[in-house]
Amino acid sequence: MSAQDRTLDHYHHLMQINAASHFMRGARELGVFDELRKGQRTLEQLSEALEIPAHPLDLLLDGLIAVGIVEQYEDDYALSRTAHLLCQYDDDLGDHQWQKLVGRVNDTSPRDSHDDQLRHNQVAATQWIHTPAAMQAAEILDIAGEASETPYRVLDLGCGSAVWSCAMAHGNPTVSITCVDQPDALVAAQSTADSIELGDRFTAIAAAPEAAVLPSDEFDLVLIAQRLSALGDDPAMELLKRAIGACRLGGRVAVIDQFGGPAKPSLAETLEAWRLELTTQAGRVRSLEEIQQVLSDLGLRSVQFAFIEASKSNLGMAVGLK
């Protein structure tokens, strides 16, 4: 394929992405999604309920089917499984975030008005998408290889829905996890633990991770996943200090997050950097060199880094020994 052909393909691809996003926004504004959440509907039923002429609605449904948001079963239309996964934090496709972009670039949208807890809640609500990456992180850490008669204790600071720590316990019956987060997140964490039948191997501590009172020198692994980048430097440092203090001598501290590498950031990495800019008061993507240096300065040894290939958003993991 020539350079000109690639340029044309890219052009058509961008135009299609933009059109698809408008299909979804239009359907949301017109009430199509709300109506289909009530159950399957025919074109005539949708047209009558929404007071929309059948012909343009039919064309809109064709577009939604093409992008995989709506499915058709003979004469009935229904939301796809993917569409059912949209929650209160992303059912507008992130428009509530991206509408702030121009103001942020112009420096007319101050970051100190952002609600950091809302960001944490959004991560918790959508964290299930990282399950394959969490399973790979457990393999990288060789948690399954730790299986023995000796209990292996994991502390998950800022657990969200506990997808990452539950992956550590899933394949190893000696692993127990203690999750620390706000009460709403712990409800989701409990649900994740119940789904893999952790039982009494799951313990919850309701507290802000940066201020939680934790036992000292107790845990074999302390995990901070998808949390550090949402924090400014001072609270991030406080969280790391608490993690290291709770880790036993010879244990490990693992930080899983978005980190900037030497290469030009991908689209996924750029989008995450902008989400932090648009939703947090002081969050930012830290570089590989910075996180490794910070962990070393805080006294961790043999700090290593690995990208998690199964991650769809290019997450990486920095691990150090206490």
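Student: Is helix α10 mostly covered or mostly open, and how many of its eight residues are buried?

Tutor: This is a predicted model. An α-helix has 3.6 residues a turn, so residues three or four places apart point the same way. Now the case here. Helix α10 spans residues 163-170 and is mostly covered, with seven of its eight residues buried.

Student: Which residues in α10 are buried?

Tutor: They are V163, W164, S165, C166, A167, M168 and A169.

Student: How do I read strand pairing, and in what order do the three strands of the open sheet stand?

Tutor: Strands of a sheet pair through backbone hydrogen bonds, either parallel or antiparallel. Here the order is β1-β3-β2, and the pairing is antiparallel. The edges of this sheet are β1 (41-42) and β2 (70-73), each pairing on one side only.

Student: How many bridges link β2 and β3?

Tutor: Four bridges link β2 to β3, which covers residues 76-79. To find the pairing by eye, look for Q72, which stands opposite Y77 in β3.

Student: Which helix lies across β2 and β3?

Tutor: Helix α4, residues 54-66, lies across both strands. Its direction makes an angle of about 110 degrees with β2.

Student: Which strand pairs with β4, and in what sense do the two run?

Tutor: Strand β5, residues 175-181, is joined to β4 by six bridges, and the two run parallel. D156 stands opposite C179 in β5.

Student: How many of the six residues in β4 are buried?

Tutor: In a regular strand the side chains alternate between the two faces of the sheet. As for β4, residues 152-157, five of its six residues are buried.

Student: Now the surface. Which residues make the nonpolar patch of about 280 Å²?

Tutor: L85, W128 and I129 make this patch. Look for W128 in the loop between α8 (116-126) and α9 (131-140).

Student: Why does W128 count as partly exposed?

Tutor: Because its relative accessibility is 40%. The partly exposed class lies between the buried limit, under 20%, and the exposed limit, over 50%.

Student: What does the secondary structure of the protein chain come to?

Tutor: The count is 14 helices and eleven strands. Along its principal axes, the C-alpha trace spans about 70 × 45 × 45 Å. Of the 322 residues in the chain, 45% are buried.

Student: What share of the accessible surface of the protein chain belongs to carbon and sulfur atoms?

Tutor: Carbon and sulfur atoms hold 52% of an accessible surface of about 16,600 Å².

Conventions:
Residues numbered from 1 in each chain as written. Predicted model: local features only at pLDDT ≥ 70, side-chain atom pairs only at ≥ 80, totals over all residues. Heavy atoms only, no water. Buried < 20%, exposed > 50% of the residue type's maximum accessible area, 1.4 Å probe, protein only. Patch = residues over 30% accessible without salt bridge, like charges linked within 9 Å, V, L, I, M, F, W, Y side chains within 5 Å. Areas by Shrake-Rupley, 256 points an atom, 1.4 Å probe, with all protein chains shown as cover. Salt bridge = Lys/Arg side-chain N within 4 Å of Asp/Glu carboxyl O. Pairing = 2+ DSSP bridges. Contact = heavy atoms within 4.5 Å. Axes fitted to C-alpha atoms, helices over the stretch in contact; angles between N-to-C directions.
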